[in-house]
Amino acid sequence: MERGRTMINPVAWLRDRLGERRFGIVLLVGLLALALLPLVALPAARCEMFGSGCREPQPMEARADPVAAEQPPTPVEAATWGSYVALGDSYSAGLGAEATVGDKNPLDRCHRTSKAYYHEVSRAFRFAKGSSFWACSGATIPDFLNGRGGEPSQLGRIGADTSLVTLSIGGNDVGFSRVLAGCVIKLPWSRSCTRQGDDVARQMAALRQNLPGLLDKITTRAPRARVILMGYPKAFSEVDGVGGDNISVSDQRWLNARAYDLGQLIRQSAAETDARIAARHGTGSVEFVDAYSAFAGHEVGSGNAYMNGLLLNLPEFAAEPRSYHPTIAGQHALAALFAEQIKKGPGRPLS
């Protein structure tokens with residue numbers, strides 16, 4: 001009681017109003033509502049009991065798996081997906097390896113021959129976008145950039161779809177033809193051959209400055225290409241009696257040493273350019289083929305020489321341009337070196 005008023009029991013009051021049966025029905029409905037409330041309000045409970053209201057599982061965020069990532073191309077794939085372009089000077093043009101009348105065409109100022117190593121390399125691999133041959137005898141780095149013999153720039157022959165470039169360059173920049181002439185056209189036992197050393201050193205220093213710039217231009221214009229540079233082979237056997245060339249054994253050794261120095265300069269420039277490409281995770285590569293010993297046992301003066309000796313144009317009493325250039329057999333040996341390097345690759349993954 002509260003101040004004379006009687007407290008009312010709601011359950012008893014509801015039973016009195018509805019009667020026993022109706023009260024039982026209302027009570028049952030209330031209990032069912034309490035049981036169903038969690039299923040309506042909580043989707044997880046509804047999903048567990050009836051399999052409805054369930055959300056699709058969200059996929060986990062995809063993450064790169066270094067093991068499952070796309071594998072880099074093989075060296076051959078990286079070299080053959082596009083086009084092959086052979087560039088360079090007379091050692092790439094094939095001067096000295098003449099086999100047909102067309103090879104001796106005096107109007108062909110670049111002296112590209114049918115036995116140049118390019119032909120064997122182009123046949124040895126299937127290049128998806130073909131191949132082309134633009135090496136030119138006598139080419140220097142300025143000629144490479146600006147054109148020679150009425151032909152346009154060799155640099156303009158390559159582009160974004162080039163996958164392989166083979167190249168020999170540098171011999172004319174250091175004046176090797178002039179140096180050889182100074183060793184042949186001299187009095188016997190004179191020292192005019194080796195006295196050219198200071199001039200050769202200056203030319204080598206200039207080439208060391210200019211060659212990296214050329215390689216950068218090549219890799220910029222053909223950024224996905226494998227660029228393979230060739231060194232120069234040793235020409236002389238370093239024995240007496242080299243075909244009447246008036247070149248002593250000491251002169252032969254000196255000339256061979258200069259060819260070796262030139263090859264090491266080219267090797268270093270190629271390695272530095274390739275390291276820059278790798279450091280920036282770029283595509284393509286710059287590689288070096290060491291041809292110094294390619295003619296071992298077959299130098300000038302040997303029984304089966306891979307290098308022409310002194311060839312005189314008697315009416316003009318002058319040395320022919322093909323003197324001291326690879327023979328057909330020499331070009332075949334160079335082709336084998338390039339094919340081997342194409343298969344081997346730069347010694348690092350290629351993008």
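Glu238 is partly exposed, with a relative accessible area of 27%. Here buried means under 20% relative accessible area, exposed over 50%, and partly exposed in between, with a 1.4 Å probe and protein chains only. Glu238 sits in the loop between β4 and α9. Helices (H or I, at least four residues) and strands (E, at least two) are DSSP runs, numbered from the N terminus. Glu238 has a positive phi of about 65 degrees, although it is not a glycine. Most residues other than glycine have a negative phi.

This is a predicted model, in which local features need pLDDT of at least 70 and side-chain atom pairs count only at pLDDT 80 or more, while totals for chains, interfaces and linings use all residues. Residues are numbered from 1 along each chain as its sequence is written, and side-chain values use heavy atoms, with hydrogens and water left out.

His281 also has a positive phi, of about 60 degrees, and is not a glycine. Its place is the loop between α9 and β5. At 70% relative accessibility, His281 counts as exposed.

Now to the sheet. Five strands form an open sheet in the order β2-β1-β3-β4-β5, and the pairing is parallel. The edge strands are β2 (131-133) and β5 (285-289), each pairing on one side only. From one strand to the next, the twist averages 15 degrees. Two strands pair if DSSP finds at least two bridges between them.

Follow the strands across. Strand β1 (residues 83-86) pairs with β2 in the parallel sense over three bridges. In this pairing Tyr84 stands opposite Ser131 in β2. Four bridges join β1 to β3, and these strands run parallel. Here Tyr84 stands opposite Leu164 in β3. Another parallel pair is β3 and β4, joined by four bridges. Val165 stands opposite Val227 in β4. Strand β3 is mostly covered: six of its six residues are buried.

Axes are lines fitted to C-alpha atoms, for helices over the stretch in contact, and angles run from 0 to 180 degrees between N-to-C directions. Contact means heavy atoms within 4.5 Å.

Back to β1. Ser83 lies in this strand. Ser83 is buried, with a relative accessible area of 9%. Not counting residues up to four places away in sequence, Ser83 touches Lys129, Gly130, Asp161, Thr162, Ser163 and Leu164.

Arg157 is found in the loop between α6 (141-146) and β3. At 25% relative accessibility, Arg157 counts as partly exposed. Arg157 and Ala86 are 71 residues apart in sequence and 9.4 Å apart in space, C-alpha to C-alpha. Leaving aside neighbours within four places in sequence, Arg157 is in contact with Val85, Leu87, Trp134, Glu151 and Pro152.

Next, the core. In soluble globular proteins, nonpolar side chains tend to be buried together. A nonpolar core is a set of buried Ala, Val, Leu, Ile, Met, Phe, Trp, Tyr and Cys residues joined through side-chain atoms within 4.5 Å. The largest one here has 72 residues, and those with the most contacts inside it are Leu211, Ile218 and Leu255. Helix α9 (residues 249-279) gives the most to this core, with eight residues. Leu255 touches Val179, Leu180, Cys183, Cys193, Phe236 and Ile247, not counting residues up to four places away in sequence.

Helix α7 (residues 176-184) has the buried residues Phe176, Val179, Leu180, Gly182, Cys183 and Val184. These pack against α8 (197-221) and α9. Phe176, Val179, Leu180 and Cys183 in α7 meet Trp254, Leu255, Arg258, Ala259 and Leu262 in α9. The residues of this contact divide into eight nonpolar, no polar and one charged. Ala, Val, Leu, Ile, Met, Phe, Trp, Tyr, Cys and Pro count as nonpolar, Asp, Glu, Lys and Arg as charged, and the others, Gly among them, as polar.

How do the axes of α7 and α9 cross, and within what distance do they come? They come within 11 Å and cross at roughly 170 degrees. That makes α7 roughly antiparallel to α9, a term for angles over 145 degrees.

Definitions and conventions:
Angles under 35 degrees count as roughly parallel, over 145 as roughly antiparallel, 65 to 115 as roughly perpendicular and the rest as oblique.
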